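Dear colleague,

Please find below the structure I am handing over to you, followed by an account of what was found in it. I would be grateful if you would read the two side by side.

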Amino acid sequence: MRKNGYLDAGELLERTAPLVDAETGLIAPPAEIPVECGEADIVVYSSTVSWLPHAQAHITLALDKSQSLAGSGSSTQRKWAKAKAICEALERYCNCSFDERRVVTATRDELGGEALDLCRFAHASRSESNDGSALPRNDVPIRWLQGYSLTHRRPAYVPFGAVYVSSAYQWQGEAFIQPISSGSAIAASYERACATAIMELIERDTLTLTWLHQLPLSHIDIDESAGPELRERLARAQASGIETYFFDATTDLGMPSAYCLQWQPEGEVAMMAMAATRFDIEDALVRVIDEAASSRAAIAPLSRRPRLYNPLDFRTFTRLTDGAVYYADPAHRAAFDFLLQSPHRIDLATLKRRQASAPEDDHEMLDRLVSRFAELDYELCVVDQTVGPVADCGLFAVRVVAPDLLPLTVNYNLKFGAAPRLYEAPKRMGHRAKSYAEFNRWPQPFA
């Protein structure tokens, strides 16, 4: 693949250096998180985002000053872990910092075809929304931002709440949207940033489909075709007593996707679930191990604290980390039997042969993704989130919105029961689609 928007770790660290300072930077210098005893020897860094409300009074965050936004990065190479942490922290900054002059308040009916139809967004069924407040309505006012439809190649208004995670829920009509960072990305080309964001949305959709329908995914057998990066990570995990299980989670969207379980019954995090989507399945496997290291570092300290949920009542699982903390207890391994006991297997070499050739450049990466969404009549919109200092470094920050895909089921009480894709996708993948009443009763493990 030609270079285009790809930068190596050294280039990323050099470009972003002007933005990194504990006192005056957009983000603080990345700090290494010590590897806990028994964890895989994978380097993890974290970088804190500056407190935005100090600089921009119109921004509110669902945090108090004792909490902070941060980006994390992990790799077997220290330089890459630092670069990833910095990029994710800058992504978080851009995901909160907005120009209030760009915000338009109106109903979708008033904006007409220039705005996304809110009923396209995956949303609750009426049984999930007792008072109807979590249902999208085109006839009530909400905040909008002008973005661009990648599938229809024209400007389009996108709900503010689907773009920024700050200043959430200022209008009652916005209650159907979860303020979460999924679909945000930063890169050295606009096309690569968009493609990366879309792949993250596919990954979240994969997690929800797999979990709610308890899809019996095929185990991926790692064979001689595995490259050194994947082998090194697996060896480090194994040396620390972590058993790693990979599953082919590729959906009807056709993008190579991997679901990963890491089991370490004697550790602080007994079970960890992750997923990743890339153009190459082995790249997805490498990424999912790195991401697991960051997640384990975040969940381990939470597992030592008092629980914020009632483990006997899954309806109290409403926070992103609740499920992940719950599965830190090895007593809950049975929730993963549908995967661990799946009779289906496929070797890595076979998956590699099946996947399409690598895109030639960033433009082809994006074109392939947009074309597939267009084939399914799915919408893809992008909003540019790049703030001035980030643009000055030659980087692009975007938020992609894919209303037809399934978001992550963070809140146990919200399974997006009215979303057509929830029932159509499993059938296209050759699985039986469960009814709402049959959905997995266990809480979502991903955080």
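**Overall architecture**

The secondary structure of the chain amounts to 13 helices and 14 strands. The radius of gyration is 21 Å, close to the 22 Å that the globule rule gives for 447 residues, so the chain is as compact as a globular protein of that length. Please bear in mind that this is a predicted model.

The C-alpha trace spans about 55 × 50 × 50 Å along the principal axes of the chain. Of the 447 residues, 55% are buried. The chain exposes about 18,900 Å², and carbon and sulfur atoms supply 49% of that area. When contacts between residues at least 6 apart in sequence are considered, 69% of them join residues at least 24 apart.

An open sheet is formed by 5 strands in the order 11-10-9-8-12, with mixed pairing. Its edges are strand 11 (271-277) and strand 12 (345-347), each of which pairs on one side only. On average, neighbouring strands of this sheet are turned by 30° against each other, direction ignored.

Helix 7 (residues 281-303) packs on the sheet and touches strand 8, strand 9 (243-248), strand 10 (257-263) and strand 11. The direction of helix 7 makes about 140° with that of strand 11.

Strand 5 (residues 142-149) is mostly covered, with 6 of its 8 residues buried. Its pairings are as follows:

- Strand 4 (residues 104-106) pairs with strand 5 in the antiparallel sense over 3 bridges; Val104 has Trp144 in strand 5 as its bridge partner.
- Strand 6 (residues 154-159) runs antiparallel to strand 5 and is joined to it by 6 bridges. Gln146 has Tyr157 in strand 6 as its bridge partner.
- Strand 13 (residues 381-384) is also antiparallel to strand 5, with 2 bridges between them.

With kind regards

Definitions and conventions
Residues are numbered from 1 along each chain as its sequence is written. This is a predicted model: local features need pLDDT of at least 70, side-chain atom pairs count only at pLDDT 80 or more; totals for chains, interfaces and linings use all residues. Side-chain values use heavy atoms; hydrogens and water are left out. Two strands pair if DSSP finds at least two bridges between them. Helices (H or I, at least four residues) and strands (E, at least two) are DSSP runs, numbered from the N terminus. Axes are lines fitted to C-alpha atoms, for helices over the stretch in contact, and angles run from 0 to 180 degrees between N-to-C directions. Contact means heavy atoms within 4.5 Å. The radius of gyration is taken over C-alpha atoms; the globule rule is 2.2 Å times the number of residues to the power 0.38. Buried means under 20% relative accessible area, exposed over 50%, partly exposed in between (1.4 Å probe, protein chains only). Accessible areas come from the Shrake-Rupley method with a 1.4 Å probe; for residues, only the protein chains shown count as cover.
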